[in-house]
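Here are my notes on this model, as numbered points. Please read them with the structure open.

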Amino acid sequence: MPQPQPLSASHIGSFAYLTVKDRLPVILTRVVDYLYREKDSLGNNYGKAAREDCKKVIGRCSQLKNEMQTNKDLLPLQAHPDPSYPYDDANIWNRYLENYIRVTGVAPKWFTAPWLYVECYMYTRIHESLYLCNVLKDFDPFMDQKRNALIDSKEAIEALAVHVLSLCGRISTFSQEQLKQHVIKLIEISLWGNRCDLSISGGADKSQDSDVLLLLDKLQSKILVNNSESLWQLLVALPEDQRDIVLVLDNAGFELVTDLCLLAFLTEAGFVTSLTVHPKIRPWFVSDTTHSDLTWTIEKLRETGGSAGVLASKWQSYISNGRWKIVNNKFWTLCHDFADMKEIDPELYSQLSKSSLIIFKGDLNYRKLTGDLDWPTTTSLEHTLRGFCPAPVLAIRTAKGGPVVGLAPGVSERTAAVTHDWNISGEYGMIQLCTFS
Ligand SMILES: O=P(O)(O)OC[C@H]1O[C@](O)(CO)[C@@H](O)[C@@H]1O
Ligand SMILES: [Mn+2]
């Protein structure tokens with residue numbers, strides 16, 4: 001079967017088109033407005049030079065918005081000025097750009113290049129506008145939004161923490177069947193946590209304001225593929241010393257908490273020998289978790305106290321004693337999809353190959369798993385991975401614009417008849433396992 005075309009803004013009226021036309025400019029405008037509003041307080045905190053940096057970033061982001069809206073060529077990136085910066089990737093981005101020109105004969109433009117590339121490129125350019133600064137080089141323009149999203153979800157977080165702590169305290173009393181049901185529930189909670197991302201709403205409030213546990217039954221019918229049962233079979237079959245789980249994170253805020261709750265329960269229940277968590281190395285898709293978001297979240301919840309505080313101290317102790325590792329890698333913020341990993345970052349591919357399960361959270365990771373190609377929805381997930389098979393893959397995402405694959409015949413049609421924007425609204429989700437067996 002020939003490979004489908006990449007999703008692209010060249011299809012007028014498509015979600016990719018509307019994203020580049022409307023949603024991305026709004027995100028850039030918010031960055032500009034935010035810096036404009038905060039320039040005095042940044043000046044007070046970081047010194048006078050920060051005010052100058054603010055002006056430069058505002059200028060660069062406004063220029064970027066103009067390039068996007070007038071469908072200009074995508075320009076090469078400038079290298080990070082600090083030669084010791086470990087994550088400089090400008091050369092990888094520029095190589096992609098050159099290769100695109102070599103293969104297609106034209107430069108990539110905002111409305112014609114693959115959507116995955118264009119959208120990742122925008123966030124890289126935002127980062128570039130900052131790392132070229134003197135004082136604000138490490139500044140995250142989405143930090144306040146991410147922090148507020150956590151604070152605004154505090155009741156839902158506390159309710160979840162009470163539940164998870166109580167489960168952790170009773171593990172030895174559970175039958176295998178009970179244990180399985182609790183694991184599956186926590187996977188579903190982590191799935192619905194993925195509805196809370198800030199890039200889909202252009203940065204508008206996306207917190208969780210209700211007790212997600214009470215919603216689970218009602219949401220069952222919105223899970224279009226649920227391989228939790230097969231996942232459970234995989235988990236119980238893993239030899240005790242080979243339970244090495246990797247989680248490629250998505251959003252900070254409530255989603256991150258749901259992920260850490262799932263991981264904590266798996267750890268406490270003995271399903272984890274070692275765990276590696278991969279955050280992003282730059283501000284990314286507004287709400288994605290960076291290393292410092294992760295650290296801040298744990299600290300903030302500990303400070304807040306209550307059950308969430310106790311749970312956060314548990315997470316902290318796993319990190320401190322080395323059972324959980326946080327690994328930074330620049331591959332996750334490139335434009336490359338995961339089928340390219342073997343070639344672009346063979347070391348990461350081989351590290352992942354040593355694990356027993358890799359969990360990918362969220363819509364963007366799903367887009368990168370499937371290459372963001374326009375697959376028929378009944379194509380198997382394994383086929384769409386195109387050779388990316390370092391270890392069993394578990395994809396947990398709500399559908400927010402990327403491809404949807406692995407559906408039974410008729411499901412997409414039936415779902416579309418009920419909800420016309422079913423594949424972009426985040427209302428429907430999937431928990432898909434690929435074991436390559
Ligand atoms: O945080 P997530 O789940 O990766 O989603 C990011 C968002 O960005 C997109 O990938 C593109 O804007 C959407 O499809 C999705 O809503
Ligand atoms: Mn995200």
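Which residues line the second largest cavity?

1. Basis. This is a predicted model, in which local features need pLDDT of at least 70, side-chain atom pairs count only at pLDDT 80 or more, and totals for chains, interfaces and linings use all residues. Residues are numbered from 1 along each chain as its sequence is written, chains are lettered from A and ligands numbered from 1 in the order in which they are written, and side-chain values use heavy atoms, with hydrogens and water left out.

2. The second largest cavity. Its lining is Ile187, Leu231, Leu235, Leu262, Leu266, Leu357, Ile359, Leu394 and Ile396. Two or more of these residues come from each of α9 (228–237), α10 (254–268), β5 (357–361) and β6. By class, the lining has nine nonpolar, no polar and no charged residues. (Ala, Val, Leu, Ile, Met, Phe, Trp, Tyr, Cys and Pro count as nonpolar; Asp, Glu, Lys and Arg as charged; the others, Gly among them, as polar.) The space is about 40 Å³. The whole structure has three cavities of 30 Å³ or more.

3. How spaces are found. The grid is 1 Å over the protein atoms alone; in a cavity a 1.4 Å probe fits but cannot get out, a pocket is an open set with protein on both sides within 12 Å along at least five of seven lines, and lining residues have an atom within 4 Å of a point. Grid points are joined across faces, edges and corners, and a volume is the space filled by probe spheres set on the points.

4. The sheet. Seven strands form an open sheet with mixed pairing, in the order β1-β7-β6-β5-β2-β3-β4. β1 (223–226) and β4 (324–326) are the edges; each has a single partner strand, so one side of each lacks a neighbour in the sheet. Strands β6 (393–398) and β7 (429–434) pair in the antiparallel sense over six bridges. Ile396, one of the cavity-lining residues, stands opposite Ile431 in β7. (Strands pair if DSSP finds at least two bridges between them; helices, H or I of at least four residues, and strands, E of at least two, are DSSP runs numbered from the N terminus.)

5. The largest pocket. Its volume is about 800 Å³. Of its 31 lining residues, Tyr96, Asn99, Pro114, Asp337 and Asp340 are the closest to the centre. Helix α3 gives the largest share, eight residues. The lining has 14 nonpolar, ten polar and seven charged residues.

6. An aromatic pair. Tyr96 and Tyr117 are stacked, at 4.3 Å centre to centre and 10 degrees between the planes. (Rings of Phe, Tyr and Trp, its six-membered ring, pair if their centres lie within 6.5 Å; planes under 30 degrees apart count as stacked, over 60 as edge-to-face and the rest as tilted.) Tyr96 is in helix α3 and Tyr117 in helix α4, 21 residues apart.
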